[in-house]
Amino acid sequence: MVGIGDILPALLGGVIFQKGSLKRFHNLVVNNGPLRDQRGIALVMVMWALVLLAVFAAELALSARSDRSTVRNFKEDRQAYFIAKAGVEMAFNEILADFDFTYVADGQLVLAKNGEENAEYAPRNGILIGGGALSYTIRDENGKLNLNALARDGARLQTVFGLLFPEGLEGVDAAVDSIQDWVDADDLHRANGAESDFYQTRQNPHKARNADFDSLDELRKVNGVTPEMFARLSPIVSLYPGGALNVNTAPETVLLAQGLPADQVAVIMKVREEKGYSDATGQSDIFEITSSGSFEGSPLVHTIRVYVRKTGPRSLRVLDWIDSYYPVKKEEIQEEKKKG
Ligand SMILES: [Ca+2]
């Protein structure tokens, strides 16, 4: 521990005394020095003591303030969390209700009863509740491509990236090769790919999975997958192998990537635009719920993402519950573009 007796001589110029006691310093000054000097040195000491005290006080005040703001952030995040959770419950209720088929209207998944295609559906945006507001979406996993099957098919990965980036895309080969390397069992990287030896050299070293993706977010760890690629790819892929693809809810990209001829896809999209759906028997059983909540007056937004399977008329099973979900931010995409 460094004492003030060690610091002061250094502060006073460091030449008067060796590292040692203040007493020696005092004796020397009192016994040998003129009174004027004693006063001068005492004044300097007092001023330094005041400076040190001021620094301590400022630091104390700063740390108290940061503690207070940490506590406030935590409290507001907890409030936002429980509001978001209420949104998940609302989505559960919708999914538990009796419905025959699913389709998309105004970008929202509608869980409908046959013969009631144009029935009003529950609002999911800006719902005021418990001193805050929530919004949620329900998406159909049966309208997506299976990620783990796609990850093992280089040609289809190329097709999908081509469809997602009609304007062209740089670095697609690195992403396509690395995604395949990520899931294949071996440690031999493809021409533009990456395996564990590469990931071990990263700032936060990790290994390649060498097996199925465990979560969608894992895609973000794969070499060559930029935030923008992730932002466009993740909404159309699923970890859950469904039954048949639901032609009422599958995005156009998914239908094309499935290998459906372009003219057939055009017909499906046209019918969907006119009627709202293409096939009244398009049933789905796995859903993705994303719910965001915020407390009034707080800028904090908490997002929860949940995957559920409807297992019976009044039952469902949670497949995955992501308590804190962080969507890709626009700034992240811009940042990456600047780097590239
Ligand atoms: Ca591998």
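First, how to read it. This is a predicted model, so local features need pLDDT of at least 70 and side-chain atom pairs count only at pLDDT 80 or more, while totals for chains, interfaces and linings use all residues. Residues are numbered from 1 along each chain as its sequence is written.

The protein chain has 11 helices and 9 strands. Helices (H or I, at least four residues) and strands (E, at least two) are DSSP runs, numbered from the N terminus. Of the 340 residues in the protein chain, 26% are buried. Buried means that 20 or more other C-beta atoms lie within 10 Å of the residue's own; exposed means 12 or fewer, partly exposed is in between, and the C-beta atoms are placed from the backbone. Two residues are in contact if their C-beta atoms, placed from the backbone, lie within 7 Å. Among contacts in the protein chain with a separation of 6 or more, 61% are between residues 24 or more positions apart.

Now the sheet. In what order do the 5 strands of the open sheet come? The order is β3-β4-β7-β8-β9, and the pairing is antiparallel. Strands pair if DSSP finds at least two bridges between them. At the edges are β3 (127-129) and β9, each pairing on one side only. From one strand to the next the twist averages 30°; for angles, axes are lines fitted to C-alpha atoms, for helices over the stretch in contact, and the angles run from 0 to 180 degrees between N-to-C directions.

Let me walk across it. β3 and strand β4 (residues 132-140) are joined by 3 bridges and run antiparallel, with Ile127 opposite Leu134 in β4. Next, β4 joins β7 through 9 bridges, again antiparallel, and here Asp140 stands opposite Phe287 in β7. Between β7 and β8 there are 8 bridges, also antiparallel, and Ser291 faces Ile304 in β8 as its opposite number. The hairpin of β7 and β8 has 6 residues between the strands, and in it Gly297 takes a positive phi near 85°. Finally, β8 (residues 302-312) pairs with β9 (residues 315-322) in the antiparallel sense over 7 bridges. The hairpin from β8 to β9 has 2 residues, and Val308 stands opposite Val318 in β9.

How many of the 10 residues of strand β7 are buried? In β7 (residues 286-295), 10 of the 10 are, so the strand is largely enclosed by the rest of the structure. Ile286, Glu288, Thr290, Ser292 and Ser294 point one way, Phe287, Ile289, Ser291, Gly293 and Phe295 the other way.

On to the helices. In α5 (residues 154-164), Leu157, Val160 and Phe161 are buried. Seen down the axis of α5, its buried residues fall within an arc of 95°, so they line one face of the helix; the arc is that of the directions from the helix axis to the C-beta atoms. Their cover includes α4 (147-150), α6 (172-183) and α9 (252-257).

A nonpolar core is a set of buried Ala, Val, Leu, Ile, Met, Phe, Trp, Tyr and Cys residues joined through C-beta atoms within 7 Å. The largest has 26 residues, of which Leu145, Leu150, Ala151, Ile179 and Val237 touch the most other members. Two or more residues each come from α4, α5, α6, α8 (227-233) and α9, and α6 gives the most, with 5 residues. Not counting residues up to four places away in sequence, Ile179 touches Ala151, Leu157 and Val222. Apart from this core lies another, of 25 residues, among them Ala80, Ile83, Ile286 and Val306.

Last, one residue. Asp77 is found in helix α3 (residues 35-96). Is Asp77 buried or partly exposed? Asp77 is partly exposed, because it has 17 other C-beta atoms within 10 Å. Leaving aside neighbours within four places in sequence, Asp77 is in contact with Leu300 and His302. Asp77 and Pro299 lie 222 residues apart in sequence and 9.7 Å apart in space, C-alpha to C-alpha.

That is the end of the walk-through.
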